[in-house]
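Student: Please take me closely through one part of this model. Pick a strand, then follow what surrounds it.

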Amino acid sequence: MSVKLIATDLDGTLLNDEKNFDTVWMKTLLDRMEAQNIRFVAASGNQKVKLAAYFESVGADRITYISDNGALVSQGDKIISEQALTADQVARVLTWNAKNHPVDENLVMLSGAKGAYVSNHATEEVIEMSRFFFPNLQQVEKFNEIDDDIFRVSLIWEQSVDVKPEIDELKAEFGNELHTTGSGFGSVDLLAPNVNKRTGLETLAAHFDIQPEEMVALGDNDNDLEMLRYVGRPFVMPNAEQFMHDRIQTQALADNNHDGVLKTIEAILDGK
């Protein structure tokens with residue numbers, strides 16, 4: 001069956017460790033994909049504004065976006081679907097975190113339609129680091145006074161911290177009421193129920209009349225698993241942790257620091 005859609009994660013997948021990719025090569029591949037009527041999708045935990053910035057030099061409006069780990073699906077300025085958390089769900093996550101973790105143990109970040117939000121106790125150093133991922137970041141006194149639709153609550157620990165115990169605790173606490181997933185780099189994301197990158201692809205499948213068997217996806221982390229299991233041709237990055245290789249058998253042609261996504265896409269376009 002022919003390929004009609006190629007979706008890729010960003011961090012640890014398309015992006016190298018310097019947060020870049022070969023834009024000249026990407027533009028060439030986008031031209032070839034468009035000529036073959038193949039849609040290219042950036043699927044990430046990042047906000048749409050950050051994703052669009054990555055692709056500005058190759059034409060951000062050429063990309064379909066699954067942002068905030070599936071909570072927002074868009075093409076250009078058009079929103080195809082969005083799924084926000086309720087105010088009560090956000091409040092319950094914040095209460096759980098305050099009860100189980102000291103205020104300085106992790107950083108709480110809220111990602112919404114209008115911007116991203118962090119509490120006033122965050123240091124300037126943390127704020128500056130966070131603005132790389134959240135260009136529209138705002139400090140707030142009280143989370144419950146934010147006037148925005150919140151897509152995602154992120155609990156962020158030091159990058160070296162193993163957050164699997166926290167993921168397990170959150171899943172035990174909220175069950176199916178929320179979708180809990182690790183996003184890498186010490187981050188745990190909580191979204192509305194049944195929201196993930198797979199549901200983003202399901203939305204696109206219905207919107208563009210594309211079958212899962214006609215889709216390719218590439219990823220490296222826990223929040224990519226649903227997407228990879230959904231498509232006809234999944235690829236896990238060689239740099240992914242072992243648990244990903246245990247679940248997805250097909251590897252991309254190289255790791256994220258050696259243009260693995262671009263090499264794999266080129267091979268697909270060449271009919272290999």
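**A strand and its surroundings**

Tutor: I6 has V216 as its bridge partner in β12. That pair is our way in. The model is a predicted one, where local features need pLDDT of at least 70, side-chain atom pairs count only at pLDDT 80 or more, and totals for chains, interfaces and linings use all residues. Numbering starts from 1 along each chain as its sequence is written, and side-chain values use heavy atoms, with hydrogens and water left out.

I6 belongs to strand β1, residues 5-8. Strands are DSSP runs of E with at least two residues, helices are runs of H or I with at least four, and both are numbered from the N terminus. In β1, L5 and A7 point one way, while I6 and T8 point the other way. In a regular strand, side chains alternate between the two faces of the sheet. L5, I6, A7 and T8 are all buried. Buried means under 20% relative accessible area, exposed means over 50%, and partly exposed lies in between, using a 1.4 Å probe and protein chains only.

Now the partners of β1. Strand β12 covers residues 215-219 and pairs with β1 in the parallel sense, over 4 bridges. T8 has its bridge partner in β12 too: L218. Strand β2, residues 39-43, also runs parallel to β1, again joined by 4 bridges. There, L5 has R39 as its bridge partner. Two strands count as paired if DSSP finds at least two bridges between them.

Step back to the sheet. It is open, with 7 strands in the order β5-β4-β3-β2-β1-β12-β13, and its pairing is mixed. β5 (78-82) and β13 (233-236) stand at the edges with a single partner strand each, so one side of each has no neighbour in the sheet. On average, neighbouring strands are turned by 15° against each other, direction ignored. Axes are lines fitted to C-alpha atoms, for helices over the stretch in contact, and angles run from 0 to 180 degrees between N-to-C directions.

Helix α7, residues 197-208, lies across β1, β2, β3 (64-67), β4 (72-75), β5 and β12. Its direction is about 125° to β5.

Leaving aside neighbours within four places in sequence, P234 is in contact with A217, L228, I248 and T250. Contact means heavy atoms within 4.5 Å.

Next, helix α10. 8 of its 10 residues are buried, so the helix is largely enclosed by the rest of the structure. The buried ones are G260, V261, L262, T264, I265, A267, I268 and L269. Their cover includes β1, β2, β12 and β13, along with helices α1 (10-14) and α2.

How does α2 sit on α10? Helix α2 (residues 23-35) and α10 (residues 260-269) pack at about 30°, with their axes 11 Å apart. They are therefore roughly parallel to each other. Angles under 35 degrees count as roughly parallel, over 145 as roughly antiparallel, 65 to 115 as roughly perpendicular, and the rest as oblique. The crossing is left-handed, meaning that the near helix is turned anticlockwise from the far one by less than a right angle, while clockwise would be right-handed.

From α2 come W25, M26, L29, R32 and M33. They meet L262, K263, I265, E266 and L269 of α10. The contact holds 7 nonpolar residues, no polar ones and 3 charged ones. Here Ala, Val, Leu, Ile, Met, Phe, Trp, Tyr, Cys and Pro count as nonpolar, Asp, Glu, Lys and Arg as charged, and the others, Gly among them, as polar.

Last, the backbone beside these helices. Most residues other than glycine have a negative phi. N37 is not a glycine, yet its phi is positive, about 60°. N37 sits in the loop between α2 and β2 and is exposed, with a relative accessible area of 65%. D259, also not a glycine, has a positive phi near 60°. Its place is the loop between α9 (242-247) and α10, and at 28% relative accessibility D259 counts as partly exposed. Just after α10, G271 has a positive phi of about 85°.
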